[in-house]
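Good morning. Please have the sequence and the structure open while I talk. I will go through a few parts of it in turn.

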Amino acid sequence: HRNGGYHESVRRLGVIKYSVKSTNKSDMSRHRNVRSYNYDEDFDDDDLYGHSVDDDYCISPGTAAQFIYSRQARPSAFGEPLEEEDYEYEEEEEQQPVVPSTQKPRVGADDQARLYSCLEQMREVLGDSVSEQEMTEAVLKCNFSAQEALDMVFSQNNTARGSRAKNQTALSSGKSTKGGARDPPVKKTESEIVPKVARMTVSGKKQTMGFDIPSTTVEENGDSVNAIKKGTGLDETATPRTVDASSKTSLPAAATSVAEEPMATQTPGRSTGKSKQQIDVKAELEKRQGGKQLINLVVIGHVDAGKSTLMGHLLYLTGNVNKRTMHKYEQESKKAGKASFAYAWVLDETGEERERGVTMDVGMTKFETKTKVITLMDAPGHRDFIPNMISGAAQADVAVLVVDASRGEFEAGFEAGGQTREHGLLVRSLGVTQLAVAVNKMDQVNWQQERFKEITTKLGQFLKQAGFKESDVGYIPTSGLAGENLINRSTLPELISWYKGPSLLEHIDSFKPPQRPVEKPFRLCVSDVFKDQGSGFCVTGKIEAGYVQTGDKILAMPPNETCSVKGIVLHDEPVDWAAAGDHVSLTVTGMDIIKINVGCLFCDPKEPIKACTRFRARVLIFNIDLPITQGFPVLLHYQTVSEPATIRRLVSILHKSTGEVLKRRPKCLTKGQNAVVELQTQRPVALELYKDFKELGRFMLRYAGSTISAGVVTEIKE
């Protein structure tokens with residue numbers, strides 16, 4: 001029994017082992033199946049996410065189509081495909097029934113080989129200029145003779161081109177008689193080298209064709225027919241086509257007269273308009289403002305002298321700000337707790353300026369007097385915003401210096417550290433020669449004559465030292481907040497008892513307008529760049545010299561990029577042209593806005609301005625604490641440019657009045673000295689010599705928040 005039980009146990013254990021082994025075998029086979037499973041069979045036609053079926057090829061389909069020869073595909077010609085010829089023959093294909101390209105002529109196997117051989121020979125000669133259908137028909141007609149088929153194709157093409165040339169001549173003559181040539185043809189220059197886009201007239205419609213190569217000129221029986229070509233798009237104004245003398249004699253009389261007609265008719269464009277406008281531009285300037293002359297006026301002075309309030313009240317009294325707007329400013333300023341700032345808000349438009357009660361940027365507006373059109377620029381008085389003040393003063397012809405008559409306030413602005421002195425020096429160094437001194441807030445000192453005389457005496461001595469002539473400086477007692485003596489002479493008995501002079505507006509009206517360099521090449525200094533609606537972007541600035549018209553090509557320096565003037569806006573009104581002295585906004589196209597910065601100069605491409613990083617200049621040193629030595633770092637302010645620079649070399653010290661050299665290669669420069677130095681900027685700056693362009697030859701040097709020198713450019717190094 002024991003043995004029987006033992007055998008039974010062994011038998012059962014064997015069964016269990018066998019079942020475990022079989023289970024293990026099935027698991028191993030399943031793993032082998034997974035490892036060797038071909039997933040491509042299931043996903044043959046699916047394009048999985050992140051996996052393209054094109055990856056299965058070793059080369060791309062485009063590369064295969066370009067470089068791998070296929071019998072079924074149409075053989076490509078050597079060189080550029082003549083799309084123009086395809087368009088030319090579309091006209092013929094419309095006129096005559098064409099067998100679809102899919103329908104091949106039924107020929108035997110031997111004839112098929114001969115046909116392919118002939119087609120390849122013809123393709124080497126003709127390229128893509130003739131369709132495969134025409135060549136096949138020619139080969140079949142000539143009994144598989146490639147030479148005879150070529151002669152037949154050539155004869156057909158010449159007759160077709162002759163008729164098409166006559167149609168074009170008739171069409172162009174019809175257009176020229178209606179209203180002149182819509183698109184004057186362009187001279188054929190360097191056609192063998194540079195492919196140009198061709199324009200053909202098919203069925204009376206203009207169509208832009210593909211690239212043109214020399215084979216478009218066909219000479220047959222002495223007739224030379226040139227395809228009408230258009231430039232590459234850089235210059236829209238085309239020049240008339242010229243016909244060779246040899247071909248001219250053989251052309252028919254009608255065709256010759258038509259060819260000469262565009263030459264006789266002047267093409268309306270930049271050159272003709274410019275020569276015409278150049279004669280009348282001064283007369284047009286007078287007509288545009290009704291005989292009134294343009295003056296650019298900057299208002300300067302110490303902070304809190306009342307500049308914005310004075311000019312805001314003047315604008316309100318002259319009618320440039322309506323009562324409704326003024327009432328709104330009064331209510332808003334009262335809510336903000338700044339009731340006395342209401343008139344200042346006319347020119348201080350930004351929220352930060354109104355909140356702080358300080359002008360930060362140059363506010364610009366326009367008003368008219370009896371004889372002048374004034375572009376008013378309200379400059380900031382705070383010393384932190386002197387760079388903005390310099391950019392505004394650089395665009396001005398005349399200035400109004402506002403001083404505070406209050407006890408202690410005038411002294412604070414006039415003594416060391418005040419902006420009255422610095423502003424006076426800056427505007428004189430930037431070319432302003434006429435100055436009106438508005439002694440403001442006289443109502444706070446009860447219009448005292450003694451206080452007025454004290455201020456004018458101190459200022460008169462300083463302004464004379466700064467270079468102003470006594471005859472070019474006028475002093476006017478005013479009150480900006482009360483509006484006294486602004487546009488009309490005051491009637492206050494306290495004032496008229498001792499002051500008999502003009503009001504502020506009358507004095508501004510008496511300024512002499514400067515000469516506008518209209519005849520010089522175009523120059524515009526960019527003061528702002530912004531993106532406007534539509535194509536292109538806008539740049540604003542003052543035209544320093546010359547004039548500009550819509551459609552002109554202008555060059556931006558130092559980026560050295562050419563662009564087109566799409567529109568001109570003067571005083572918020574679109575105009576066709578603008579001249580020297582105008583503050584304009586130009587809409588330009590054909591250039592990236594990233595390449596233009598504030599301080600760039602737009603100029604005439606024919607007479608460009610020079611861009612350099614090193615130049616020599618004559619400088620006048622102001623009151624400075626530190627002596628200027630070689631390697632001295634400064635901040636160069638030139639028009640609207642603010643650029644870090646270094647004084648690389650001290651050339652010589654000059655005599656103030658005669659200009660003769662007193663000392664060569666000095667070790668340092670101290671206050672009050674006149675010297676010649678070499679400056680180097682970090683980035684290129686577009687400069688003009690002072691002798692050529694006075695407006696574009698002046699600059700200022702600042703160091704540690706104060707102006708240390710003024711100078712003029714005498715030589716451009718590199």
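When I say that two residues are in contact, I mean that they have heavy atoms within 4.5 Å. Keep in mind that this is a predicted model.

I start with Asn674, in strand β26, which covers residues 674-687. Leaving aside neighbours within four places in sequence, what is Asn674 in contact with? The list is Arg618, Val619, Ile653, Leu654 and Lys656. With Arg618 there is also a polar contact of 3.3 Å between the two side chains. Is Asn674 buried or exposed? Buried means under 20% relative accessible area; Asn674 has 9%, so it counts as buried.

Next, a sheet. Strands of a sheet pair through backbone hydrogen bonds, either parallel or antiparallel. Here we have an open sheet of 6 strands, with mixed pairing, in the order β6-β7-β5-β8-β9-β10. At the edges are β6 (363-368) and β10 (473-477), each pairing on one side only. From one strand to the next, the twist averages 25°. Strands β9 (residues 434-440) and β10 run parallel and are joined by 5 bridges. In that pair, Ala438 stands opposite Ile476 of β10.

Last, the nonpolar cores. The largest has 71 residues, and Val437 and Leu504 touch the most other members. Among the residues that Val437 touches are Leu401, Val403, Leu459 and Ile476.

Notes. Residues are numbered from 1 along each chain as its sequence is written. This is a predicted model: local features need pLDDT of at least 70, side-chain atom pairs count only at pLDDT 80 or more; totals for chains, interfaces and linings use all residues. Side-chain values use heavy atoms; hydrogens and water are left out. Two strands pair if DSSP finds at least two bridges between them. Helices (H or I, at least four residues) and strands (E, at least two) are DSSP runs, numbered from the N terminus. Axes are lines fitted to C-alpha atoms, for helices over the stretch in contact, and angles run from 0 to 180 degrees between N-to-C directions. A nonpolar core is a set of buried Ala, Val, Leu, Ile, Met, Phe, Trp, Tyr and Cys residues joined through side-chain atoms within 4.5 Å. Buried means under 20% relative accessible area, exposed over 50%, partly exposed in between (1.4 Å probe, protein chains only). A polar contact is a pair of N or O atoms within 3.5 Å; within protein, one must be able to donate a hydrogen and the other to accept it, and residues adjacent in sequence count only if both atoms are side-chain atoms.
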